[in-house]
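These are my notebook entries on one protein structure.

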Amino acid sequence: MSEAARLEGRFKRRDRLQGAGFDLALPYLLLAPCVLIVLGVLVYPLWDGLRASAMLYRYGKPVAAVGFDNYLQLWSDPQFLNSLWVTVRFVFFSVAIETVLGLALALFCLREFRGIRLLRTVLIVPMVITPVVVAIVFRLIYASDAGMFTAFSEAMGGGEVQILGDPLKAFIGLVALDVWEWTPLMFLILLAGLQSLPQEPFEAARVDGAGPWRTFVDHTLPMLRPVLAIAIVLRTIDAFGTFDQVFVLTHGGPGEATKLVSIYGYDTSFKFQQTGYAAALFVTIGLIILAFALAAVRLLRRAGPA
């Protein structure tokens with residue numbers, strides 16, 4: 001073999017190796033921007049929050065490392081415990097009502113009739129409106145001087161209706177706002193789940209003479225259980241972080257009747273400048289939500305398909 005042929009073969013092998021190396025590195029090069037964005041948007045803020053939660057801040061500047069003192073102080077803070085209890089009650093009532101209404105609407109809209117597409121579109125409108133706008137509208141509705149309820153009451157010969165000024169009514173009003181805005185999300189998830197169910201069991205149930213209620217209890221609900229569980233978990237996680245609506249509607253008032261942990265953490269950080277304590281609060285809430293999500297997923301896997 002001539003020297004020219006050997007050189008040509010060597011160059012071809014080198015080009016093949018270089019090409020193979022580039023092909024191996026190409027997926028990582030394409031993923032690099034996404035990885036950098038995740039590191040900058042998620043990982044770094046999480047790490048900085050953990051670091052800040054172990055520090056004592058004064059006027060926005062760290063002055064001393066306190067370790068786990070901020071976390072220990074949380075569980076002896078009556079305001080934090082009260083805000084946590086208010087949040088749990090808010091999440092429980094909101095998610096429960098939204099689940100029931102969303103399932104009922106999904107079952108109703110599962111049928112095909114004239115105008116069903118328009119109805120489905122109208123039902124999801126509240127979900128696409130900005131939460132701040134929804135809160136402003138409901139604040140106008142709840143207003144005691146010129147709100148809708150006061151106008152109806154005066155038209156019937158009554159007086160002003162106090163909603164935002166009464167602790168119980170303000171809490172119910174906040175739940176009603178959340179239900180109005182986020183029931184469409186549960187409706188969409190459950191409607192998609194119902195449409196994906198196999199039709200053979202329902203046809204067999206009709207042949208056997210089962211009524212709508214028995215069909216729902218014996219077939220629809222067991223097969224829909226995984227989708228229902230996922231919808232509840234997702235909505236619960238989202239409800240724990242509710243901030244915009246409460247901030248605009250009541251800012252936690254009257255008193256502390258609607259002060260969720262998000263509002264308490266905001267006040268602690270920006271109003272009272274206790275940055276480290278607020279960071280420990282949000283890290284604790286994040287861990288609580290993570291534990292709930294992991295427990296729900298584990299129970300869902302253990303239950304398995306119905």
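**Surface and overall form**

I began with the surface: the protein exposes about 18,700 Å², and carbon and sulfur atoms supply 70% of that area. I note that the model is a predicted one.

I then looked up burial and found that buried residues make up 32% of the 306 residues.

For secondary structure, I recorded 13 helices and two strands. The radius of gyration is 28 Å, well over the 19 Å that the globule rule gives for 306 residues, so the protein is more spread out than a compact globule. Along its principal axes, the C-alpha trace spans about 110 × 75 × 35 Å.

I also looked up contacts between residues at least 6 apart in sequence; 66% of these join residues at least 24 apart.

For charges, I noted 25 positive and 23 negative ones, whose mean positions are 9 Å apart.

**Aromatic rings**

A pair of aromatic rings is described by the distance of the centres and the angle of the planes. My search of the whole structure gave eleven aromatic pairs.

I examined Trp75 and Phe80: their ring centres are 5.4 Å apart and their planes stand at 80°, so this pair is edge-to-face, as the angle is over 60 degrees. Trp75 is partly exposed at 46% relative accessible area, whereas Phe80 is buried at 0%.

Next I examined Phe92 and Phe93, with centres 5.4 Å apart and planes at 75°, so this pair is edge-to-face. Phe92 is exposed at 56% relative accessibility, and Phe93 is partly exposed at 40%.

Finally, I recorded a cluster in which ring pairs link Phe138, Tyr142, Phe149 and Trp180.

Methods:
Residues numbered from 1 in each chain as written. Predicted model: local features only at pLDDT ≥ 70, side-chain atom pairs only at ≥ 80, totals over all residues. Heavy atoms only, no water. Helix = DSSP H or I, 4+ residues; strand = E, 2+ residues; numbered from the N terminus. Rg over C-alpha atoms; globule rule 2.2 N^0.38 Å. Buried < 20%, exposed > 50% of the residue type's maximum accessible area, 1.4 Å probe, protein only. Contact = heavy atoms within 4.5 Å. Areas by Shrake-Rupley, 256 points an atom, 1.4 Å probe, with all protein chains shown as cover. Lys, Arg positive; Asp, Glu negative; His and termini not counted. Charge placed at Lys NZ, Arg CZ, Asp CG, Glu CD. Phe/Tyr/Trp six-rings, centres within 6.5 Å; stacked < 30°, edge-to-face > 60°.
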